[in-house]
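Hello,

Here is the structure for you to take over.

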Amino acid sequence: MSWFIEVLKKYAVFSGRARRKEYWMFALFATIIYVVFLVLSIVTKQSWIVFLPILAFLLPGLAVTARRLHDTGRSGWWILFQLVPIAGPITLFVFSVLDGEPGDNKYGPNPKLAPVHV
């Protein structure tokens with residue numbers, strides 16, 4: 001959960017790099033929260049409720065994705081490639097599971113060498 005909180009603390013920080021763990025823990029907890037809100041929306045028959053986590057996590061989700069792309073040595077603008085049907089989401093998925101560049105790159109120091117968050 002600390003990885004999720006860490007992403008929220010960097011709400012709109014598009015610079016720097018993000019480890020795979022940071023990216024995937026954010027994705028996991030955001031999905032769990034979204035499912036909870038989806039069930040709540042169905043139970044209460046209030047369809048607008050499901051949009052709350054989408055709005056809340058849109059900007060930090062884009063930011064952590066850009067930082068994840070930076071970790072692999074790619075520009076954050078690659079996020080726009082997701083708009084290409086089929087190939088876009090698959091390509092971004094592959095980029096998100098690749099290991100980051102060892103050492104420093106033009107986007108910052110290697111986050112694996114930074115102090116570990118628990």
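Helices here are DSSP runs of H or I with at least four residues, numbered from the N terminus. By that definition, α2 is followed by Lys 45, and the phi of Lys 45 is positive, near 55 degrees. Please keep in mind that this is a predicted model.

**Helix α2**

α2 runs over 20-44. It has 25 residues. From first C-alpha to last, α2 reaches 36 Å, close to the 36 Å expected at 1.5 Å a residue. Which residues of α2 are buried? They are Glu 22, Tyr 23, Phe 26, Ala 30 and Ser 41. What do the buried residues of α2 pack against? Their partners are α1, α3 and α4.

Trp 24 is also found in α2. Trp 24 has a relative accessible area of 33%, so it counts as partly exposed; the band for that label lies between 20% and 50%. Leaving out residues up to four places away in sequence, Trp 24 touches Phe 93, Ser 96 and Val 97. Lys 106 is 82 residues from Trp 24 in sequence, and their C-alpha atoms are 23 Å apart in space.

**The largest pocket**

This may be the part for your tools. The volume of the largest pocket is about 550 Å³. Its lining has 23 residues, and the closest to the pocket centre are Tyr 23, Phe 26, Ala 27, Gly 61 and Thr 65. Three helices each supply at least two lining residues: α2, α3 (51-71) and α4 (87-97). Which helix gives the most to this lining? It is α3, with 10 residues. By type, the lining divides into 17 nonpolar residues, five polar and one charged.

Take Thr 65, one of the residues closest to the centre. Thr 65 lies in α3. Thr 65 is buried because its relative accessible area is 16%, and buried means under 20%. Thr 65 touches Tyr 23 and Ile 79, with residues up to four places away in sequence not counted.

**The nonpolar cores**

The largest nonpolar core has eight residues: Phe 4, Val 7, Ala 18, Tyr 23, Phe 26, Ala 30, Phe 57 and Val 64. α1 (2-9), α2 and α3 each supply at least two residues of this core. The largest share, three residues, comes from α2. A second, separate core has five residues, including Ala 66, Leu 69, Ile 79 and Phe 95.

Back in the largest core, look at Phe 4. Phe 4 touches Phe 26, Phe 29, Ala 30, Ile 33 and Phe 57, again not counting residues up to four places away in sequence.

**Asp 71**

Asp 71 sits in helix α3. Is Asp 71 buried or exposed? Its relative accessibility is 3%, so Asp 71 counts as buried. Beyond residues up to four places away in sequence, Asp 71 touches Arg 17, Ala 18, Arg 19, Gly 100, Glu 101, Asn 105, Asn 110 and Pro 111. How many residues separate Asp 71 and Gly 16 in sequence? The answer is 55, with 7.9 Å between their C-alpha atoms in space.

Over to you.

Best wishes

Key. Residues are numbered from 1 along each chain as its sequence is written. This is a predicted model: local features need pLDDT of at least 70, side-chain atom pairs count only at pLDDT 80 or more; totals for chains, interfaces and linings use all residues. Side-chain values use heavy atoms; hydrogens and water are left out. On a 1 Å grid over the protein atoms alone, a cavity is a set of points where a 1.4 Å probe fits but cannot get out, and a pocket is an open set with protein on both sides within 12 Å along at least five of seven lines; lining residues have an atom within 4 Å of a point. Grid points are joined across faces, edges and corners, and a volume is the space filled by probe spheres set on the points. Ala, Val, Leu, Ile, Met, Phe, Trp, Tyr, Cys and Pro count as nonpolar, Asp, Glu, Lys and Arg as charged, and the others, Gly among them, as polar. A nonpolar core is a set of buried Ala, Val, Leu, Ile, Met, Phe, Trp, Tyr and Cys residues joined through side-chain atoms within 4.5 Å. Buried means under 20% relative accessible area, exposed over 50%, partly exposed in between (1.4 Å probe, protein chains only). Contact means heavy atoms within 4.5 Å. The expected span of a helix is 1.5 Å times one less than its number of residues.
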